[in-house]
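Visitor: I'm new here and would like to learn how to read a few features. Could you walk me through them?

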Amino acid sequence: MPEQHRPLGQTPSQTVGPFFGYALPYPGGPEVRAPWQPDAVRVHGTVLDGAGEPIPDAIVEIWGADAAGLASTERGSLDRDRHAFTGFGRAAVDRDGHYSFTTIKPGAMRDGSAPYLLVTVFARGVLHHLFTRAYFGDEPEANAVDPLLTRIDPDRRGTLLAEPDAASSYRFDVRLQGEGETVFLDYGTER
């Protein structure tokens, strides 16, 4: 068969990155609330792959309500003034896969739900960003009745808990796959 008449093969797939840390981070991105503010809390953790190894080039974004459970209407997510609370932050992980934010502990956004942060993860090999939530481990009563948490298998709920690890500090590790995989959410998918 002449070469110009041979059927074309499939183009090989290609993963994304690792290039997130080049253009997406911005000055002050991890400081949703300035660390010197009295209501500031630290939320930090490590992004891990399926083998439990740190991913050194991921990006983590968070969004949270204010302490009263209201969405922020402040401007300035990309141009921090260190006094306002905008609710949104973006952090690149370090070489050990660790990220850290300063923010405030949000209030519950509606009656019967627990306070949480929305978390988005961008990482190599992940063609579409991943969504999850970080609930607070020191809110057991609210977590016990939260509409989303109560629908999650009890053995996996712990993957959605940011656990206190010091005064005003919470640890929330994200495992992309494998044993202990974080529960990820699928927003907007029709079923």
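Visitor: Which charged end sits over the ring of Y116?

Guide: That's R133: in this predicted model, its charged end lies over the Y116 ring, 4.0 Å from the ring's centre.

Visitor: How many aromatic pairs does the structure hold?

Guide: There are three aromatic pairs. In the pair of Y116 and Y135, the ring centres are 5.4 Å apart and the planes meet at 50°, so this pair is tilted.

Visitor: Where do Y116 and Y135 lie?

Guide: Y116 belongs to strand β5 (residues 116-122) and Y135 to strand β6 (residues 130-136), so their pairing ties together parts 19 residues apart in sequence. Both Y116 and Y135 are buried.

Visitor: And how do I describe a pair of rings in general?

Guide: You give the distance of the centres and the angle of the planes. Now try F136 and Y170: with centres 4.9 Å apart and planes at 80°, the pair counts as edge-to-face because the angle is over 60 degrees. This pair links distant parts of the chain, with F136 in strand β6 and Y170 in strand β8 (residues 169-171), 34 residues apart.

Visitor: Are F136 and Y170 buried or exposed?

Guide: F136 is buried, and Y170 is buried too.

Visitor: What about pockets: how much space lies in the largest pocket?

Guide: About 190 Å³. Its lining includes D49, P54, R124 and Q177.

Visitor: What kinds of residues make up the lining of the largest pocket?

Guide: Six are nonpolar, three polar and two charged.

Key
Residues numbered from 1 in each chain as written. Predicted model: local features only at pLDDT ≥ 70, side-chain atom pairs only at ≥ 80, totals over all residues. Heavy atoms only, no water. 1 Å grid on protein atoms, 1.4 Å probe; cavity = no way out; pocket = protein on both sides within 12 Å on 5 of 7 lines; lining within 4 Å. Points joined across faces, edges and corners; volume = space filled by probe spheres on them. Nonpolar A, V, L, I, M, F, W, Y, C, P; charged D, E, K, R; others polar. Phe/Tyr/Trp six-rings, centres within 6.5 Å; stacked < 30°, edge-to-face > 60°. Helix = DSSP H or I, 4+ residues; strand = E, 2+ residues; numbered from the N terminus. Buried < 20%, exposed > 50% of the residue type's maximum accessible area, 1.4 Å probe, protein only. Lys NZ or Arg CZ within 6 Å of the ring centre and 35° of its normal.
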